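Please open the model in your viewer and keep the sequence beside it.

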Amino acid sequence: MNSLKGTFAKAALEGVTEARARIFGHVLNPTGERSPHKILRKKLTGEKVAQWYPYDIKKDDPLVMAREEQERLSKLEMLKRRGKGPPKKGQGRRAVKRNK
């Protein structure tokens with residue numbers, strides 16, 4: 001008689017647990033195995049992070065890109081006139097070491 005009563009109590013408790021999980025939207029995990037549910041229920045933060053950074057006009061405006069390229073070329077030309085520019089291909093430090 002006692003085991004029958006325990007069985008009914010256990011079944012009723014399981015039913016209540018299942019009903020509570022359905023009502024409140026919980027995930028039922030009676031075995032206690034690892035589950036990604038905790039991570040998956042968090043809000044996604046990608047949109048908020050993307051909104052934090054302002055829109056970069058350089059990517060779309062060809063005038064800005066052309067001006068930056070012109071500044072880069074003029075700086076490179078100035079460095080070459082002073083002898084500080086990049087070496088010609090095959091004339092760098094690594095190539096000199098290899099030829100010794």
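In which helix is the place of Val49? Select residues 46–52: this is helix H3, and Val49 has its place there. Helices (H or I, at least four residues) and strands (E, at least two) are DSSP runs, numbered from the N terminus.

Before continuing, note that this is a predicted model, in which local features need pLDDT of at least 70, side-chain atom pairs count only at pLDDT 80 or more, and totals for chains, interfaces and linings use all residues. Residues are numbered from 1 along each chain as its sequence is written, and side-chain values use heavy atoms, with hydrogens and water left out.

**Colour by confidence**

Colour the chain by pLDDT, the predictor's confidence in each residue, from 0 to 100. The protein chain has an average pLDDT of 86, and 98% of the residues score at least 70.

**Select Val49, Trp52 and Tyr53**

These three residues form a nonpolar patch on the surface, and together they have about 430 Å² of accessible area. Such areas come from the Shrake-Rupley method with a 1.4 Å probe; for residues, only the protein chains shown count as cover. Patches are made of residues with over 30% relative accessible area and no salt bridge; like charges are joined within 9 Å, and nonpolar side chains (Val, Leu, Ile, Met, Phe, Trp, Tyr) within 5 Å. Val49 counts as partly exposed because its relative accessibility is 45%, where buried means under 20% relative accessible area, exposed over 50%, and partly exposed in between (1.4 Å probe, protein chains only).

**Select helix H4**

Now move to residues 62–81, helix H4. A salt bridge is a side-chain nitrogen of Lys or Arg within 4 Å of a carboxyl oxygen of Asp or Glu, and by this rule the count comes to two. Side chains of opposite charge can pair when their charged atoms come close.

- Arg67 and Glu71 form a salt bridge at 3.9 Å, N to O. They are four residues apart in H4, so about one helical turn separates them. Glu71 is partly exposed, at 47%.
- Glu69 and Arg72 form a salt bridge at 2.8 Å, N to O. Both lie in H4, three residues apart, about one turn of the helix. Glu69 is partly exposed, at 36%, and Arg72 is partly exposed as well, at 45%.
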